[in-house]
Amino acid sequence: MAVPSKLMSIVRNYFLDHGMEEIPPSSLSLNPESYLAFRDANNILVVKVVDAEGLSLHKAKEIIENSIVSILNETVGTVDKAYLALKTPSLSVLPPPSRFKSSGIGLLLIDDKDTIDEKIPPRPLRRLSIVYSEEKLSECIERLSKLEEGFREVKREISDVLYKRIENNTESIRNLEKIVEDIRHQIEKMEKIVEHIYHQQIERLSSTEPPVHVPSSTTEARSYVDEDLPEFARDNPWIDTLSKRRQT
Amino acid sequence: MSPIDAYRRKYAYAEDYGTSYFKFGPVAEKPHVIENRGFFVPKDTIVLKVVGVEKRIVVGPEVAQYLGSREDLARHLVYPMRDGVVDLNDERAWRVIKEITRYGFELTKPSTQDFQGFYVTAALSAIAPKYMYEKLFEIHAELDNEMGVVKAVTIIPQPLAVAIAQKTLTCIVVESGHGNTQITPISQYPIRKAIVSLNRGGAEADAITAEILKDCGYGDLASEEKLVRLVKEKVGLVPRDLDQAIKKAKEDPERFKAHFRVPGTLTEIDLGENSWTRFLIGEIIFNPQHEVFESYYRRGMPRPRDTIIGDERIPGTIPLGRAIAESANKTSIELQPYLYRKIILSGGNFAWKVPPGMEDVACDAATKIREQMKELGLEVHVELTKDPIYSVWKGSIVYSLALPGDYLWSWDKMEGWYMRGIHY
């Protein structure tokens with residue numbers, strides 16, 4: 001039975017004035033022609049609006065009873081509170097208050113002046129709980145397992161890379177140590193050679209120095225130079241040939 | 001009494017201006033070596049300005065840092081010499097020559113107190129014209145003025161330096177470089193009137209290698225000069241007798257298979273059934289007039305240009321043995337037998353090796369020349385320089401050591417010292 005839109009509007013304004021946010025009844029699979037739905041923080045609240053004016057007593061009682069039953073049927077588990085908003089010329093059509101209290105449904109009465117009076121407050125119809133399907137849970141568990149596996153893989157790879165780096169660095173350090181050691185040996189060897197040569201030169205100079213005659217600087221130069229020339233200049237016939245070139 | 005005074009022993013210096021490399025340095029077992037080239041830093045290069053580069057010309061190993069695109073190379077990188085010669089009016093080339101000379105002095109200038117300048121012997125191609133001597137003297141005088149590094153300078157032909165390094169007073173030196181081959185008889189002096197210069201060298205071997213690569217399907221690689229040179233060196237062979245070698249290689253291609261992998265790359269070159277062509281690479285140095293080369297000349301490979309000496313025209317494709325005989329023929333009859341006793345082959349173009357097991361068909365350069373001259377009825381002794389890369393520099397060092405300090409430069413004799421305080 002269609003409810004006059006004016007009546008719907010009165011009820012809507014009542015709840016909006018109480019700071020609630022309207023949501024489409026269809027999102028809760030309810031008929032928008034007779035239901036209004038609101039959100040108050042996390043609570044979902046629905047109102048079934050019934051216009052009993054002009055109905056026979058018997059008919060009005062029947063509709064109200066059916067409305068209570070249909071509210072329970074249609075909103076079970078999906079809403080937190082439910083009201084029956086009723087416009088009726090006679091209170092005698094109403095079922096006893098215990099009927100509302102036992103079902104948990106609140107009662108709003110709309111009088112001739114379109115004023116709404118909350119006669120019976122509603123009782124919470126569902127406990128707030130998040131229900132996940134078995135399938136959804138399996139999916140989540142699977143994703144978590146994959147993530148865990150991924151983390152393990154990353155950890156393993158990082159460990160491998162670090163291990164290799166450490167190994168390489170250790171190897172490089174070992175090589176460097178070896179090079180340094182080699183260089184140290186070479187230097188020691190060279191020091192010995194230089195020392196040896198130095199002593200040899202000293203001995204040679206003291207033994208070749210003529211006792212009386214001091215050789216000319218040129219002769220000295222030759223004896224030193226010829227031995228110290230690079231191989232390609234030593235015993236080279238061109239040295240003599242070229243040295244004889246004279247201006248004509 | 002030793003002809004070498006103590007000062008010269010310390011401060012003799014030599015420079016070998018090769019077409020590709022400049023070798024320089026004071027007395028030592030080996031010279032310093034840089035490429036004979038210079039990079040002209042573009043004036044408008046913002047990046048270079050930002051990093052604080054102020055040099056206009058860069059030479060030495062640093063050049064590599066400036067090489068950008070191929071266009072840059074063509075525009076800014078200057079190789080000053082072509083076949084050992086610098087054009088008189090090529091200002092950029094002469095600036096490079098000056099900078100590489102300066103580089104040598106900067107690198108080796110001693111800081112000792114008794115240093116008054118080097119005795120410098122510069123070696124130039126035997127066919128270097130007189131203006132090159134003048135220019136080089138001028139450059140050394142300028143550098144001495146700036147740096148105080150040249151007490152005296154002289155210039156000698158490279159073949160003479162080779163003979164000196166080989167400790168041989170009478171001989172024929174055959175110096176073969178990238179672009180030309182000079183044959184210079186020497187008997188205490190270079191016999192300049194008998195010098196024969198052929199317009200061919202390693203470049204011809206490079207050219208035929210490129211043609212062979214194209215024929216074998218490696219056309220894309222044939223334009224890479226360095227790669228072509230590498231293939232030439234790794235694959236090329238000098239045949240004892242080209243016809244025989246080709247016949248044998250065609251009969252037994254597996255034995256002569258030319259397969260080569262470019263180091264550091266995935267590029268592999270396999271001449272396959274054309275492996276016999278590896279003998280052409282060596283043959284063209286010694287006998288480019290063999291008929292097998294005609295097809296290559298017809299296809300556009302440049303034929304070596306003839307050399308004109310006075311009224312005489314020496315064909316560019318003359319066999320090398322024949323050219324040596326022509327050169328010797330210009331000396332006195334008495335001298336010729338002495339010259340033939342020692343023919344010295346110098347330059348990288350004679351560094352041919354014989355792979356093991358191919359001795360029956362391939363040979364080294366000395367054997368090839370000996371065979372060619374034998375065909376002319378001449379028994380000769382041919383040897384390769386002991387040190388083909390540095391022999392010119394070594395001979396020049398000996399020249400710096402031995403030439404008397406009071407022997408001044410003479411344009412008639414083309415020898416002597418060009419001296420600070422006298423000439424500049």
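**Terms and their grounds**

Tutor: In this predicted model, strands β9 (residues 170-176) and β10 (residues 181-187) of chain B pair in the antiparallel sense over 7 bridges. Residues are numbered from 1 along each chain as its sequence is written, and chains are lettered from A in the order in which they are written. Local features need pLDDT of at least 70, side-chain atom pairs count only at pLDDT 80 or more, totals for chains, interfaces and linings use all residues, and side-chain values use heavy atoms, without hydrogens and water.

Student: Why are β9(B) and β10(B) said to pair?

Tutor: Two strands, which are DSSP E runs of at least two residues numbered from the N terminus, pair if DSSP finds at least two bridges between them. β9(B) and β10(B) have 7 bridges, so they qualify. Within this pairing, B:Val174 stands opposite B:Ile183, and 4 residues lie between the two strands of the hairpin.

Student: What makes β17(B) a partner of β9(B) as well?

Tutor: Strand β17 (residues 343-346) of chain B pairs with β9(B) in the parallel sense over 4 bridges. There the bridge partner of B:Val174 is B:Leu345.

Student: Why is B:Glu294 called partly exposed?

Tutor: Buried means under 20% relative accessible area, exposed over 50%, and partly exposed in between (1.4 Å probe, protein chains only). B:Glu294 has 24%, so it counts as partly exposed. B:Arg303, at 44%, is partly exposed too.

Student: What makes the contact of B:Glu294 with B:Arg303 a salt bridge?

Tutor: The term requires a side-chain nitrogen of Lys or Arg within 4 Å of a carboxyl oxygen of Asp or Glu. The closest N and O atoms of B:Glu294 and B:Arg303 are 3.1 Å apart, so the pair meets the criterion. B:Glu283 and B:Lys368 form a salt bridge at 2.7 Å. This pair links helix α10 (residues 278-286) and helix α14 (residues 365-375) of chain B, the two residues being 85 residues apart. Both B:Glu283 and B:Lys368 are buried.

Student: How do you know that the span of helix α5 (residues 130-147) of chain B agrees with expectation?

Tutor: Helices are DSSP H or I runs of at least four residues, and the expected span is 1.5 Å times one less than the number of residues. For the 18 residues of α5(B) this gives 26 Å, and the end C-alpha atoms are 26 Å apart, so the two agree. After α5(B) comes B:Gly148, with a positive phi near 65°.
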